[in-house]
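User: Hey, can you walk me through this one? I'm new to reading structures.

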Amino acid sequence: MKSSLVSSKNLIRLQSAISRSFLQHSSKPISQTPFFIPIIPTNTINLYNQRYQNLQFQIRSNSTSIMSSSAFKPEQARLPPALPLSSPPLTKFKIGICQLAVTPDKEWNIQHAREAIEEAAQKGAHLVVLPEIWNSPYSNDGFPVYAEDIDAGHDASPSTAMLSEVSSRLKITVVGGSIPERCGDKLYNTCCVFGTDGKLKAKHRKIHLFDIDIPGKITFMESKTLTAGETPTIVDTDVGRIGVGICYDIRFQELAMIYASRGVHLLCYPGAFNMTTGPLHWELLQRARAVDNQLYVATCSPARDTGAGYVAWGHSTLVGPFGEVLATTEHDEDIIIAEIDYSILEQRRANLPLAMQRRGDLYQLVDIRRVSAH
């Protein structure tokens, strides 16, 4: 009969092993070494058996704990419950990330962006992303001068008119970076997303304004001229469900978590980090948002201009759902072409089943807009 306890046969083997060990370490020849079989005290055997039983109990308890993880109520960690990933028309495609130079000449900036989008599409991109504030110098003085009335369109917004025309003509999706937007007496930092039909599918106004003060390094207060947006932006496109943020929005993981709970495949952040925070935080934040939410993250910066009043860090990047940098560039003008494969999302979520391991009994992320809609 087999037993998990120490049997008499196992006891003899144990005794023999101890004897062999003794002989091997003896300083005398075997012929002069008294041979003996040590007797293991009963209390030692009992202690061994007790510890073995305790170990078996712990293993069974851990298995039971894993099997009954539903007691942790993972589905309640998101309110309302997280939406599953949908199947977009394209699950595998190329993205073009256009890191552009920006000048005080608005007309030149618009034409330059058009040419970059056309080049990216020519290289096979189905989705093209532009930088933050690509039609204007990044400054509080410049925002009112370069601002456009996006809702009025056409001549009132030549930047978005170009984005509409080129997306329709090339049959691509464009996440149009951001431009200063004028709406009534307010200014916003706004990203427009255009579909393959050239229609405006979504408009994201930067939610978290860039107000920072690092003495001796950089001080900038967007709130002097800009108004904060009030709505998270999720848009369904031919290249999947996209959550949009602008630059400083990337620092707030709650926004990315809400996007993930709404079933997005990709987070896009046009952004212009600076020479102080860029080297420290730019890539770090992208990889954190990607690995925390098991999504793709694409960022697009203006190219660096050391003669500008605000100097951008550059380093536009695509990050995969495991936090891996799939493609990046330095600080000069460049067009990144990289592949996105959404089938990897499910694979990574199977590798690390975080959604089923959350502790809804301890914490909860509340999506206020979705709760209010119900």
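User: How do β10 and strand β11 pair, and over how many bridges?

Analyst: β10 and β11 (residues 240-244) pair in the antiparallel sense, over 5 bridges. Two strands count as paired if DSSP finds at least two bridges between them. Strands (E, at least two residues) and helices (H or I, at least four) are DSSP runs, numbered from the N terminus. Before we go on, this is a predicted model: local features need pLDDT of at least 70, side-chain atom pairs count only at pLDDT 80 or more, and totals for chains, interfaces and linings use all residues. Residues are numbered from 1 along each chain as its sequence is written, and side-chain values use heavy atoms, with hydrogens and water left out.

User: Ok. What stands opposite Arg241 of β11?

Analyst: Asp236 does. The side chains of Asp236 and Arg241 also meet in a salt bridge, at 2.6 Å from N to O. A salt bridge here is a side-chain nitrogen of Lys or Arg within 4 Å of a carboxyl oxygen of Asp or Glu.

User: Is Arg241 buried or exposed?

Analyst: Arg241 is buried, with a relative accessible area of 19%. The cut-offs are under 20% relative accessible area for buried, over 50% for exposed, and partly exposed in between (1.4 Å probe, protein chains only).

User: New topic: which residues have the most contacts inside the largest nonpolar core?

Analyst: Ile95, Leu127, Ile242 and Leu266, in a core of 45 residues. A nonpolar core is a set of buried Ala, Val, Leu, Ile, Met, Phe, Trp, Tyr and Cys residues joined through side-chain atoms within 4.5 Å. There's also a second, separate core of 22 residues, including Phe194 and Ile335.

User: What does Leu127 touch?

Analyst: Leaving out residues up to four places away in sequence, its contacts include Phe93, Ile95, Val175, Ile242 and Leu266. Ile95 also stands opposite Leu127 in β3.

User: How many of β3's residues are buried?

Analyst: 4 of the 5 residues of β3 (residues 125-129), so the strand is largely enclosed by the rest of the structure. Strand β2 (residues 92-99) runs parallel to β3, joined by 4 bridges. On the way from β2 to β3 the chain passes through helix α3 (residues 106-122), and this β-α-β crossover is right-handed. Right-handed means that, with the strands pointing away from you, the path from the first strand over the helix to the second runs clockwise. β3 also runs parallel to β4 (residues 173-175), with 3 bridges.

User: And what about β2, how many of its residues are buried?

Analyst: 6 of its 8, so β2 is mostly covered. 8 bridges join β2 to strand β16 (residues 334-341), and those two run antiparallel.

User: Back to salt bridges, how many are there?

Analyst: The structure holds 15. One of them links Glu148 and Lys106, with the closest N and O atoms 2.8 Å apart. Glu148 is in the loop between α4 (142-146) and α5 (158-170) while Lys106 is in helix α3, so the pair ties together parts 42 residues apart in sequence.

Conventions. Contact = heavy atoms within 4.5 Å.
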